[in-house]
Number of protein chains: 2
Amino acid sequence: MPPPTHNSPGVIETDALIVGAGPIGLFQVFQLGLLGIRAHVVDALPHAGGQCIELYPDKAIYDIPALPSCTGQELTERLLAQSAPFAPTFHWGQEVSALQQNTDGRWAVGTRNGPHFVARNVFIAAGVGAFQARSLSLDGLQQFAGTQLLHRLAEPARHQGQRVVIVGGNEAALEAAIALVAARAQQVLLVHRRDVFQAEPGTIAQVQALREAGHLHFIAGQVTGFEATAGRLQQVHITHGDAQNTTVPLDQLLVCLGLSPKLGPLTGWGLALERKQVPVNPATFETCLPGVYAVGDINTYPGKRKLIVSGLHEATLAAYAAAERLRGAPVQLQYTSASQHLQRLLGVADEATTPAPAI
Amino acid sequence: MPPPTHNSPGVIETDALIVGAGPIGLFQVFQLGLLGIRAHVVDALPHAGGQCIELYPDKAIYDIPALPSCTGQELTERLLAQSAPFAPTFHWGQEVSALQQNTDGRWAVGTRNGPHFVARNVFIAAGVGAFQARSLSLDGLQQFAGTQLLHRLAEPARHQGQRVVIVGGNEAALEAAIALVAARAQQVLLVHRRDVFQAEPGTIAQVQALREAGHLHFIAGQVTGFEATAGRLQQVHITHGDAQNTTVPLDQLLVCLGLSPKLGPLTGWGLALERKQVPVNPATFETCLPGVYAVGDINTYPGKRKLIVSGLHEATLAAYAAAERLRGAPVQLQYTSASQHLQRLLGVADEATTPAPAI
């Protein structure tokens with residue numbers, strides 16, 4: 001499922017910028033595409049799917065209309081396929097930063113490490129926010145982020161001969177532990193609040209075998225403090241269930257506590273948030289900022305229910321509102337089952353057209 | 001695709017009566033079912049699907065979310081399958097008649113030939129109206145409806161030895177002509193405004209062969225009048241393209257001009273229609289009548305687009321509004337991917353539940 005990627009920094013001018021590549025962001029691409037509008041899509045994750053992939057990729061969803069059962073993974077793949085004719089440009093692993101309106105009415109939106117956008121319309125399809133790695137909330141620990149503090153094991157071999165403490169009990173934590181033993185780290189210590197793991201049975205069995213063989217150590221407890229000297233993280237304090245403390249020297253701290261969504265910079269966009277949600281006009285799904293729309297779980301309006309089926313409708317009406325804003329005139333509805341124009345856009349004109357029979 | 005049928009007259013008390021078994025009516029069944037509400041469904045057609053089946057059963061639709069391409073037939077089958085766990089009771093071939101509110105606040109709704117309902121909530125998912133056979137607009141002709149004037153050929157054998165005039169150029173008209181020749185009608189005359197037919201090539205070829213063999217006669221023209229004596233239809237006047245008239249004696253007139261939707265009795269329900277559409281509150285999709293909702297193409301509200309994706313959202317919010325009305329309390333959202341209660345209702349609790357792994 002790797003759609004085209006666009007990672008070059010610079011300034012990109014566009015009619016439509018979509019923040020979030022979850023199901024609603026993907027359907028926003030599709031509905032804009034039917035109206036002749038190409039979109040750029042930014043997502044903090046390295047792939048499409050948003051919550052559907054982060055929270056329940058393999059769990060069945062039963063209330064997508066006309067799909068009696070489908071997983072988050074399948075839903076994502078279907079929506080990617082459906083929007084593919086409109087060739088969106090995806091910017092993966094990018095978080096949007098500040099938003100400000102230019103004097104010409106367009107919206108300038110930055111990203112942390114990627115391009116800056118100047119967009120006529122912005123669609124916030126950010127769900128519950130940008131997914132970010134959960135960290136330990138210990139004062140001063142963040143100074144080691146990217147050096148001695150990691151949230152993802154990218155290159156196990158780099159840790160050969162090192163003393164590594166891994167925090168977490170999920171699949172990522174256990175797989176990292178196994179990989180670090182294989183990469184001949186000097187010492188691998190897994191710390192999790194209890195001796196029960198949320199991972200595949202096979203992974204859990206491997207970890208158990210490494211523990212029994214003495215290659216992997218485990219403490220049921222929490223990292224509650226650390227000591228640093230000379231700008232380096234030297235040791236961490238681990239508090240056990242019995243309120244005892246253990247101090248462990250280390251070279252590397254790997255925190256695998258999953259991802260957690262954060263609205264982050266969106267809270268500073270001037271969107272009149274109500275309980276972390278963006279109020280919108282339910283006729284257009286426009287926010288209080290002209291040309292800025294909010295669709296899916298992030299918005300609120302009278303009667304709102306956080307359901308995918310509602311987000312799909314919201315993205316549809318937001319696309320029409322944006323099209324009318326761009327054209328400065330009403331946009332007539334056309335049906336994909338009947339319109340040759342839409343069928344050409346979708347690349348299905350030939351298969352859909354059957355000549356009328358005649359004697 | 002024959003779901004369970006319920007045709008016995010009488011009075012049926014129900015929490016939810018749905019008018020229309022098109023895609024939105026079927027999804028209304030599903031969303032009500034998730035909220036624990038069973039529904040009765042009335043449709044003027046003898047089957048599910050509404051416009052999707054009557055207007056474009058085999059045409060591809062490209063804008064159903066996560067279904068890059070599907071026919072009206074397939075969409076209908078998928079929605080029937082999805083709503084099946086909630087075992088709706090369908091009343092086919094029934095048109096609703098008057099609506100009136102009982103003193104206890106419930107709604108009494110009749111049908112022409114079927115049961116009467118007393119419903120706590122009524123969902124109008126009637127699309128563009130009830131599909132009815134198009135007839136000829138000739139004053140006084142309707143008095144022969146059901147006797148000498150038919151709109152569907154039910155039993156060709158009954159017309160053996162008769163003189164039959166068929167009006168129409170569609171598949172139904174041509175198939176009737178072929179069947180009547182085979183049933184040894186004394187004379188079969190097909191009348192259509194021009195010598196071009198909207199039918200399968202094979203059917204057209206059979207008609208052509210019967211014409212060449214002299215078993216079937218054809219006139220390119222229109223039936224513009226009739227003569228009746230002694231309470232019987234005796235002959236029809238056919239006006240040709242060249243403004244000439246032909247008078248044809250007959251025993252039976254079969255009019256096959258397709259179906260046309262009519263709001264019919266709904267216009268008398270007190271729904272404050274605007275251009276044949278029912279205004280609703282977009283937070284609940286309730287009409288001006290408490291407990292009467294309108295969803296899909298029949299409703300209107302600011303921003304309304306007549307799209308299936310919007311109707312699906314509307315049915316969802318209407319279901320929540322009705323559930324809150326029935327319970328007299330707020331209804332919390334539950335997710336089908338996580339709620340064991342919903343999974344039990346759907347009959348998928350076992351397949352969806354995976355025990356948590358543990359060492």
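Visitor: Hi! In what order do the seven strands of the open sheet in chain A come?
Guide: The order is S10-S16-S11-S12-S13-S14-S15, and the pairing is mixed. Strands here are DSSP runs (E, at least two residues), numbered from the N terminus, and two of them pair if DSSP finds at least two bridges between them. This is a predicted model, where local features need pLDDT of at least 70 and side-chain atom pairs count only at pLDDT 80 or more, while totals for chains, interfaces and linings use all residues. Residues are numbered from 1 along each chain as its sequence is written, chains are lettered from A and ligands numbered from 1 in the order in which they are written, and side-chain values use heavy atoms, leaving out hydrogens and water.

Visitor: Which are the edge strands?
Guide: Strand S10 (149-150) and strand S15 (245-249) of chain A, each of which pairs on one side only.

Visitor: And how many bridges join S11 to S16 in chain A?
Guide: Four, and the two strands run parallel. Val167(A) stands opposite Val255(A) in S16(A).

Visitor: New topic: how does chain B superpose on chain A?
Guide: By a rotation of 180 degrees with 0.1 Å of shift along its axis, giving an RMSD of 0.1 Å. That is the relation of a two-fold axis.

Visitor: Which C-alpha of chain B is nearest the axis?
Guide: That of His313(B), 3.1 Å from it. The same surface serves both copies, as 100% of the contact residues of chain B recur in chain A; contact means heavy atoms within 4.5 Å.

Visitor: What is the phi of Lys276(A)?
Guide: About 65 degrees, which is positive although Lys276(A) is not a glycine. Most residues other than glycine have a negative phi. Lys276(A) is in the loop between strand S17 (259-262) and strand S18 (278-279) of chain A.

Visitor: Is Lys276(A) buried or exposed?
Guide: Exposed, with a relative accessible area of 64%. Buried means under 20%, exposed over 50%, and partly exposed in between, using a 1.4 Å probe and protein chains only.

Note on methods:
Least-squares fit on C-alpha atoms with pLDDT ≥ 70 in both.
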